[in-house]
Amino acid sequence: MVKHQPLQVYEKQVFISFVTGFYGCRWKRYQRSQDNSSRWECTWFIILCSSFFLLLFWAYFWLVAQNDFNEFNWSVYNRYGEWRDETIPIIVCTIVGFSYLTFLTILAIFHISLGQQLNLHSFHKIGVLATLLTIISGVITVDDIWGDEWGILHVSLQSTAPFLHTGALASVTAISWLVAGCVVRRERSKFHVILILIYAIILLAVYLAPLTFTCPCIMDHHSLKSRPEIIGRRGAPMLAPENTMASFNRAMQHRASSLEADVTISADGVPFLMRDHTLRRTTDVSKVFPARQFDDSSFFNWTEIRSLNAGQWFLESDPYWTVETLTVKDRSRIRNQTVCSLVEMLRLAARANSSALLNIRIPPPEHPRYRSWFMDTLWTVQKAGISLKRVTWMPDSDRGRVRGLQQTTNERLSIEDLGQRGITSLTLHYSKASHKDIQEYLANNVSVTVYPVNEPWLYSILWCSGVPSVSSDAPQVLQKVPYPIWLMSQNTYNFIWITADLVSLAIVTGIFYFKKWRMQHIGKPSYNPEQIMLSAVARQSSRDVNIMKEKLIFSELDNGLSSSEELSL
């Protein structure tokens with residue numbers, strides 16, 4: 001007599017094992033479940049998504065903040081007194097954390113799409129929580145040390161908003177598959193109604209987001225003004241030590257139209273070039289004058305200042321990660337640099353028929369040249385032999401004594417204030433120079449110089465805004481930008497925007513109709529007896545239950561094997 005017994009077929013589920021294994025360490029079949037996830041696991045899913053979006057914001061911030069990495073390190077130096085490149089560990093940690101959370105978020109989405117129960121492993125919970133706390137502490141620290149830098153986010157959106165909108169549109173369109181799977185059911189609860197309302201609001205907000213964009217490069221190409229002139233800010237400090245003759249020469253080699261320098265008055269009345277209040281960062285004063293290394297640089301006389309080396313620090317600290325690109329000859333020249341005087345820089349500008357922008361630091365009241373610093377500087381300018389019309393003076397003070405020299409200010413003033421003070425030139429930080437303000441200043445014949453501009457995307461939007469000149473640490477980079485990175489007419493962008501919205505709406509509508517049709521014609525998926533029995537005990541979490549599941553599976557396998565042998569006999 002032949003014994004008949006239904007065979008239990010077990011299909012290999014490699015992808016599901018991969019997803020559930022890496023997410024919740026559920027590698028075996030009996031460990032998985034298709035029951036609804038618990039509220040606790042749903043809470044962890046919300047924490048994971050929140051951490052991912054916060055880290056995405058953090059990564060975007062540091063991506064656009066590359067324009068000011070040196071400014072960040074300088075701010076840290078001024079606070080703690082030691083020069084360290086703090087951007088390297090931040091970038092490394094951001095890349096690692098972003099990769100980790102992105103991987104977990106993708107696995108969680110696959111859990112939902114495959115109908116698997118969410119069960120984040122304890123190790124991942126600790127990792128997600130640690131990443132979240134690290135991001136929060138990083139945001140607080142940056143806000144304390146470098147709070148002004150948050151303005152770059154608003155500025156960067158003038159360049160990246162159209163592309164971010166496209167990415168957001170694709171993301172919310174793809175998420176409609178998950179939302180439709182949750183909402184299109186025979187029975188609906190209040191949660192499903194709230195979910196579809198939230199999704200509809202987000203979708204509508206993304207569709208209409210371009211109405212809020214202000215992008216200078218969305219313009220007719222015939223309206224594009226001439227290329228902004230590039231001012232070498234402290235020379236070319238990415239290629240040579242800042243405020244040295246080597247740096248100014250490299251700026252001239254890369255066709256900088258003007259030179260910008262920071263001027264300090266020595267104790268014996270010689271104007272020299274120094275950005276910091278002390279000589280510790282950019283010279284070897286700690287070796288030559290160790291007892292005076294923390295003294296203000298203006299209290300050294302010119303003979304003492306000239307005896308210091310101003311190039312070795314650049315080769316050792318590599319502030320812009322560019323030392324490896326220099327030739328042996330360039331490194332040898334840099335190694336022997338000394339502190340540059342104002343008259344040397346002005347003579348170089350005069351020979352190159354260039355201009356100069358001077359940021360003068362007024363000495364403290366106890367300085368021996370406090371009352372004569374103005375005449376010391378003016379006499380040096382006249383001694384250099386450069387035309388006074390080619391020298392721009394900042395700060396905006398002593399206007400009665402400044403005759404023939406151009407004066408500028410770094411304050412964002414109204415047109416009325418500029419007219420009362422007789423100022424026709426502004427030098428503004430890019431975060432203070434909005435597109436609307438720039439257009440207003442230019443319409444009233446006020447020249448605007450924006451600083452610091454080191455990245456091509458920032459140079460492009462200022463070019464589209466009509467800025468006549470920018471001050472840059474990287475003239476060698478900006479000279480390679482022959483045209484704005486992107487330029488698009490308003491009609492072209494409107495067509496792309498509306499078309500993308502309509503395509504997204506069609507896809508979302510099609511997904512919801514497909515899910516509804518599938519539910520009506522196919523209904524709920526049927527489960528095999530093994531899945532029903534395993535799901536029935538899935539709510540119990542103990543070692544005995546897992547052993548029972550494993551025995552059940554292997555017993556079914558043995559029975560199936562024996563029945564097949566009898567059939568063959």
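Biologist: Opposite which residue of S9 does Ile231 stand?

Modeller: Ile231 has Ser471 of strand S9 opposite it. Please note that this is a predicted model, in which local features need pLDDT of at least 70 and side-chain atom pairs count only at pLDDT 80 or more, while totals for chains, interfaces and linings use all residues. Residues are numbered from 1 along each chain as its sequence is written, and side-chain values use heavy atoms, with hydrogens and water left out.

Biologist: How should I read the pairing of strands, and in which sense do S1 and S9 pair?

Modeller: Strands (E, at least two residues) and helices (H or I, at least four) are DSSP runs numbered from the N terminus, and two strands pair if DSSP finds at least two bridges between them. Here S1 and S9 are paired in the parallel sense, over 4 bridges.

Biologist: Which residue of S9 is the bridge partner of Thr449?

Modeller: Thr449 has Ser469 of S9 as its bridge partner. Strand S8 (residues 447-451) and S9 run parallel, joined by 2 bridges.

Biologist: What kind of unit do S8, helix H17 and S9 make?

Modeller: A crossover is right-handed if, with the strands pointing away from the viewer, the path from the first strand over the helix to the second runs clockwise. S8, helix H17 (residues 456-465) and S9 form a β-α-β unit of this right-handed kind.

Biologist: Are the faces of strand S9 covered or open?

Modeller: In a regular strand the side chains alternate between the two faces of the sheet. In S9 (residues 469-472), Ser469 and Ser471 lie on one side, with Val470 and Ser472 on the other. All four of these residues are buried (under 20% relative accessible area, with a 1.4 Å probe and protein chains only), so both faces of S9 are covered.

Biologist: How many residues of helix H8 are buried?

Modeller: Helix H8 (residues 245-253) is mostly covered, with 7 of its 9 residues buried. The buried residues of H8 are Met245, Ala246, Ser247, Phe248, Arg250, Ala251 and Met252.

Biologist: What covers those buried residues of H8?

Modeller: The cover includes three strands, namely S1 (229-233), S2 (258-265) and S3 (271-273). Helices H12 (328-335) and H13 (342-351) also belong to the cover of H8.

Biologist: Which residue with a positive phi follows H8?

Modeller: Arg255 follows H8, and the phi of Arg255 is near 60°.

Biologist: Let us turn to a single residue. Why does Thr131 count as buried?

Modeller: Thr131 counts as buried because its relative accessibility is 15%. Thr131 belongs to helix H5 (residues 122-145).

Biologist: With which residues is Thr131 in contact, leaving aside its neighbours within four places in sequence?

Modeller: Contact means heavy atoms within 4.5 Å. With those neighbours set aside, Thr131 touches Leu55, Tyr100 and Leu101 in this sense.

Biologist: How many helices and strands does the chain have, and what percentage of its residues is buried?

Modeller: The chain has 21 helices and 9 strands. Of its 569 residues, 47% are buried.

Biologist: Finally, what share of contacts between residues at least 6 apart in sequence joins residues at least 24 apart?

Modeller: That share is 68% in this chain.

Note on methods: Buried means under 20% relative accessible area, exposed over 50%, partly exposed in between (1.4 Å probe, protein chains only).
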